[in-house]
Every structure is written in structure tokens, then in C-alpha cells.
Amino acid sequence: MYDPKLHSHLYRQLDQLKKGQTKSKNGQAHFELRLASNYPTLYELLGELYGSRMEIQPLVEEVVLVLHNYYKTRKADLKKLDIKREKNPDWLLNQKWVGMMLYVDHFAEDLKGLKGKITYLEELGVNFLHLMPLLKCPDGENDGGYAVSDFQKVEPRLGSMDDIVEITKEFRKKDILLGLDFVMNHTSDEHDWAEKAKSGDPKYQEYYFMFDNRDVPDQFEQTMPEVFPEAAPGNFSFDEASGKWVMTQFHNYQWDLNYYNPQVLIEMLSAALFLANQGVDILRLDAVPFVWKKLGTACRNEYECHVILRLFKACFQIVAPGVAFIAEAIVRPHEIMKYFGEGKYSGRECDIAYNATSMALYWEALASGETNLLQRVTSNIPEKPYRTTWINYLRSHDDIGLGFDDEDIYALGINAIEHRKFLIEFYSGKYPGSTAMGAPFGMNHKTGDARISGTLAALTGLEKAIELDNQELIDVAIGRILMLQAIVLAYGGLPMLYSGNEIGLPNDYSYQKDKEKSYDNRWMHRPLMDWKAAERRNKKGTVEHRLFHGMKHLIKVRKSLTEFADLNSFKLEPTENKHIFSFLRWDYNGNRTLVLANFFNGNQFVKQEILHRIGLNTLKLKDAISQSTPTYFHDLIELQPYQCYWLRESSS
Ligand code: GLC
């Protein structure tokens with residue numbers, strides 16, 4: 001809204017910026033336009049965070065100067081791309097994007113090696129790469145890089161910032177997106193700020209939450225849950241050097257940043273803009289629900305976390321509007337939605353969020369062979385703002401949290417505690433008949449709660465089937481994997497594969513012998529790429545060939561179906577068969593696809609009549625995956641065990 005006072009400040013600041021302007025204006029008009037439209041927002045949001053404690057005007061000015069500096073140094077080709085994406089703000093929703101996440105060193109040793117392996121990803125159809133944390137981090141324990149020691153340097157083992165710049169240039173030519181982590185909740189205890197805080201510098205002690213004794217930490221502990229109850233119990237660690245207690249919600253070497261201090265906000269904003277200016281397309285904002293801490297609360301999902309994200313978004317809209325944010329918020333469904341922004345900030349927070357709810361529910365449905373809970377919870381997920389999108393996935397580098405609400409389980413007449421116990425036992429292979437080879441992660445003995453670790457191959461029973469050399473079980477597991485992938489690829493959003501899943505890599509148990517990893521069984525599902533196994537994708541009949549080509553085919557078909565773009569065109573279509581998960585996708589040119597997926601290890605049927613009710617002409621239906629008509633049995637459509645159909649009306 002126009003505010004005369006703010007407008008006069010804006011004029012003053014624009015004059016100030018012009019004075020500093022020397023050579024070419026380098027698109028200054030765009031900066032000014034974007035600044036003008038976001039100026040009141042900067043005031044409002046900085047005011048919300050710090051207004052009760054300080055004068056906001058000087059803070060706004062400081063932030064704008066930072067933004068201007070990053071704008072000035074942003075390369076011309078990136079500015080061009082920004083404008084292209086501003087003109088086509090739906091660019092991320094396109095069905096052409098297919099992602100993969102990987103650790104550079106596990107996949108190709110280092111960044112130079114990665115460049116040589118891009119053709120493998122292209123062969124599969126991947127065109128969005130999320131590289132796991134690669135900034136400088138401590139030797140030894142570093143939580144897989146999620147303990148950053150320098151936000152401007154790449155971990156020397158992996159390469160340099162120049163390598164990143166080069167990769168982004170090459171990717172732009174090939175229309176491949178690069179995503180990097182931005183670990184905004186904490187730094188490593190070896191970060192320069194932490195080192196200074198350890199040595200007693202009061203300025204830097206204010207960058208963290210540091211206390212002389214246990215008084216305040218004990219009060220916090222009363223309401224703060226534990227992230228890693230087994231490996232890192234409690235939320236504070238004693239720092240010998242300073243003699244203080246430091247807030248460390250994750251591991252003791254991951255020091256929580258104090259965003260009550262506006263300098264922290266400005267430093268972290270600068271760090272994010274620095275990465276953007278290297279040519280990164282997407283920033284994965286790590287652990288966002290944790291960034292604001294408040295005594296007497298769980299210190300998760302606090303309102304101020306959202307204010308910080310809105311502020312980051314507004315600042316990026318001014319400097320680098322072509323860069324998208326992923327919220328890493330693996331929380332309850334109604335909380336996840338908030339990271340897309342609410343009210344007047346709807347769609348103005350994060351562009352992408354992990355669809356962690358569906359992910360956990362697919363695993364639940366696979367174990368139980370029934371889709372009631374999946375349908376029920378999905379039907380209650382509110383529609384996300386237009387132009388925001390999901391990351392749909394089955395596995396990531398993290399554990400699987402069973403993040404759905406107990407009330408939903410009880411509503412189906414199932415005992416929630418027993419059901420969660422069943423799922424943990426099922427995926428640990430302890431439940432009778434289960435062929436899964438995962439393991440419980442983060443068992444909280446106080447609450448009985450746990451999450452699940454294991455690769456896609458381990459959890460679907462493929463690893464066990466191969467171990468037993470049992471062809472029938474191998475077929476079942478491959479069926480499960482391809483069905484789950486077909487759902488993820490059709491759902492609406494960016495499908496994200498985890499490296500190695502495309503050839504069914506099994507668990508990696510070597511972490512157990514490494515003392516820096518042995519306490520964290522998430523390492524079991526982060527195997528090193530097995531290039532020998534990958535070679536077998538070229539040999540017909542091998543597991544690798546069946547999986548790789550199965551996925552490659554699904555990806556290719558997905559990219560050809562415009563109704564798979566994420567236009568919020570998604571509707572559950574219950575089939576009266578509890579084993580079948582079913583939803584409709586459409587575009588606005590009359591193309592429609594009905595997805596039917598059988599979670600049961602036995603044939604299942606859907607009445608044609610149900611498809612007629614949806615308005616589909618069954619005489620014209622073809623499965624886009626197999627390019628053939630579905631199997632009919634009288635007036636029923638038949639699905640094999642773990643079969644997934646993408647049913648479309650063919651024009652012929
Ligand atoms: C995120 C990461 C996880 C890491 C944590 C702390 O949840 O996905 O791997 O341990 O943040 O940075």
C-alpha cells in the first residue's frame with residue numbers, strides 16, 4: 001500500500017544509491033522497481049521482528065545497502081534469467097522438471113568428477129540436481145556437511161566455488177537446474193563466528209544462544225523436544241573454551257544461530273545472496289522450522305520463522321527473483337502448508353516444500369496394503385497457493401518420520417500407538433512376513449516414538465530378495481518401486497529421486513565401522529554410487545536394467561503429459577477399493593489422466609462405473625505407461641499386484 005512517509009524514505013535511499021553508482025547502470029531500473037514494490041514489506045517484516053526493541057529505519061537502510069551490493073555484483077546472464085523467470089512465473093510448475101539429490105563425493109568424488117557424470121543423469125532424464133551440503137565443514141563429524149564453517153567456501157575435498165560457477169554455467173546451457181543447501185539454523189562450532197564466541201568476544205557470543213549456567217537452558221528444556229534423542233540428547237552443549245552452555249538443537253557441534261540479533265539476519269541473508277550470485281537456481285532452506293526459539297515453546301514452527309522467510313523472499317525478489325526456495329520443513333501436514341505463506345503472504349514465503357506427508361503415507365500404505373489413511377490425510381491437506389509446488393519423493397538422505405496425526409489413524413478405528421509400532425517393526429524386517437531391511441532411527445525411549453532408515457531397495461524388500469536370490473520376491477519389489485515412482489512422478493510437483501535408487505542400490509553398512517558415523521544409521525541409506533552396478537543397466541534382464549529403464553520410461557512419459565504440470569490440478573477419486581490409491585490430474589486444454597495404483601500384493605479391481613462417474617469414456621481409455629488399453633474383467637478394470645495405470649482418453 002502507498003505510504004507517503006515510506007515513499008519519501010524510498011526517494012532518499014534511491015538518491016543515496018545513485019550517488020554510489022559509478023560505471024554502467026547494469027539494470028538499475030529493475031532493482032529500483034523491485035525495491036519500490038517491496039519497500040513497505042521490508043519495513044513491516046523487520047518491524048515485526050525487531051520493532052519492539054530498536055529503530056527500524058536504520059535497519060531497513062542497512063538491509064537495502066546489502067541488497068544493492070549483491071545486485072551490483074550479480075552477473076548479467078543471471079539478471080537476464082531473473083527477468084525471463086519474472087515474465088514466466090510458472091516456470092517451476094512445468095512437468096518437464098525431474099530432480100535427483102546426491103552427495104558429490106558419493107557420486108563422483110568431487111565437483112570436477114561430477115561434470116563427467118552428467119550424461120548418466122541426462123540419460124535417465126534428470127534435469128534438476130540437488131547437491132548435498134558442499135560448503136566448508138569440520139573434518140570428522142559434520143552431519144554430512146550440515147555443519148557449515150564458511151558460507152563462501154566449498155569444502156576443499158570437493159572443489160572450489162569456481163567449480164560451482166562453472167557447473168552452473170554448463171547447466172544453464174543444458175537447461176538443468178542446480179539446487180544447493182542453505183543451512184540457516186546453525187553453523188559449525190568451527191565457523192569463525194563460533195571461534196570468536198569461544199574466545200570470549202561478546203559481539204559474536206550474541207550470534208548464538210550462550211548462557212553462563214543451566215538456569216535458562218533448563219527452562220528451555222522443559223518444552224523443547226529432542227531432534228536426535230539417541231545420538232545427541234538435550235538441546236544445549238557445554239563449551240569448555242568459553243565456559244558457557246550453547247544451544248545446539250542438532251549435534252553439539254551445530255550451534256544454533258540467534259536471529260533475535262539483526263546482525264545474524266543480515267549476515268545470513270548475505271550468505272544466501274552470495275550463493276545465489278554463483279548461479280544457483282534453488283536454495284534448500286535447511287531446518288527452517290527451528291530458526292526462531294522462544295522460551296516456553298517447542299521452539300519449532302514459531303510465527304517468527306515465517307517472518308524471517310518472508311523477509312528472505314522479499315529480499316530475493318529485489319536482488320535475484322529467479323531463485324526459488326525449498327522449505328525443509330518436515331513437520332505435521334497443517335504446519336508444512338504454512339511455509340508457502342499465509343494470508344497476504346500466501347505464495348510469498350517458500351516456493352517449494354517437501355511433501356513429507358504423502359511420502360510417509362506411501363510407506364504406511366505399502367506396509368498395510370491399504371490406502372485408507374493415505375486417502376483420508378491427503379483429502380484433508382488444504383490446497384497450496386497457486387505457483388507453489390511440492391517436492392514429491394520416496395527417499396531422501398534423512399530418515400522417514402511417520403509425520404501424520406494420531407487422530408487420523410484413530411478415526412479409521414485403528415490404534416495409533418500399535419500401528420506406529422507395526423510400521424517400525426515392518427520396516428525393520430521384524431514383523432512376520434516382512435522382507436524389509438530398514439532400521440529404527442532416533443528411537444525415543446521416553447515416548448516410544450521412532451523414525452525409519454533404509455534405502456528404497458531395503459525398504460521395498462529388494463535387498464532381501466536379491467540376498468535370497470528369490471526371483472518372485474525380486475519381481476514383487478521391482479513392482480513396488482516402479483509403482484511408487486509412478487505415483488511420485490504423476491502427483492504434481494517436482495519429483496525428486498535419491499541417487500542410487502534408479503539402480504536399486506542396497507543399504508551401506510560400512511558406517512557402522514566409522515566412529516564418526518556409527519551412531520547415526522541414516523548413513524545406511526546414503527550408499528556410494530556403484531558404477532559397476534550402473535553398467536548393468538545396459539544388460540537386459542538385470543535388476544538394474546529393469547529399474548533404470550522402468551524409471552527412465554516413466555520420466556519420459558511424465559514429461560510428455562501437460563496435465564502433470566503442477567497447476568493445483570489434483571483431485572482424489574476414491575474407487576471403493578481400499579487397496580487402490582487413485583487421483584485425477586488435468587490441464588486446462590482438456591487433457592486428463594486418472595492414476596490408479598494397487599498397493600496390494602494380489603490382483604484388484606475397479607468398477608468401470610466409477611470411471612464413468614468421473615466422466616471418463618472407458619472405451620477410449622489407454623494406459624500412458626504401457627501405451628495399451630487396460631485389462632478388463634467384465635465391467636471391472638483389473639490391476640496386477642503393485643500395478644500403476646496412468647489412464648488417459650486417447651483421441652483415436
Ligand atoms: C536437516 C537435514 C538433516 C540435518 C539437519 C541439521 O533436517 O536434512 O540431514 O541433520 O537438517 O542440519
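## The second largest pocket

The second largest pocket of this predicted model holds about 500 Å³ of space. A pocket here is an open set of points, on a 1 Å grid over the protein atoms alone, with protein on both sides within 12 Å along at least five of seven lines; lining residues have an atom within 4 Å of a point. Grid points are joined across faces, edges and corners, and the volume is the space filled by probe spheres set on the points. The lining comprises 20 residues, of which P89, K313, Q317, D351 and R387 are the closest to the pocket centre.

Seven nonpolar, six polar and seven charged residues make up this lining. In this classification Ala, Val, Leu, Ile, Met, Phe, Trp, Tyr, Cys and Pro are nonpolar, Asp, Glu, Lys and Arg are charged, and the others, Gly among them, are polar. Helices α2 (28–50), α4 (76–87) and α12 (303–319) each contribute at least two lining residues; α2 gives the most, with three. Helices (H or I, at least four residues) and strands (E, at least two) are DSSP runs numbered from the N terminus.

## The ligand and its surroundings

The residues around the ligand are D143, Y146, H186, F228, F250, Q254, R284, D286, E328, H397, D398 and R522, each with a heavy atom within 4 Å of the ligand. By class, this shell has three nonpolar, three polar and six charged residues.

An open sheet of three strands has the order β7-β9-β8, with antiparallel pairing. Its edge strands, β7 (210–211) and β8, each pair on one side only. Two strands count as paired if DSSP finds at least two bridges between them.

Strands β8 (residues 236–239) and β9 (residues 244–247) are joined by four bridges. Among the bridge partners are D239 with K244 and S237 with V246. The two strands form a hairpin with four residues between them, and G243 in the turn has a positive phi of about 70°.

## Pairing along β25

Strand β25 (residues 644–649) runs antiparallel to β20 (residues 592–598), with five bridges between them; L596 is the bridge partner of Y645. Strand β22 (residues 621–623) is also antiparallel to β25, through three bridges, and K622 stands opposite R648.

## Basis of the values

Residues are numbered from 1 along each chain as its sequence is written, and side-chain values use heavy atoms, with hydrogens and water left out. Because the model is predicted, local features need pLDDT of at least 70 and side-chain atom pairs count only at pLDDT 80 or more, whereas totals for chains, interfaces and linings use all residues.

Note on methods: On a 1 Å grid over the protein atoms alone, a cavity is a set of points where a 1.4 Å probe fits but cannot get out, and a pocket is an open set with protein on both sides within 12 Å along at least five of seven lines; lining residues have an atom within 4 Å of a point.
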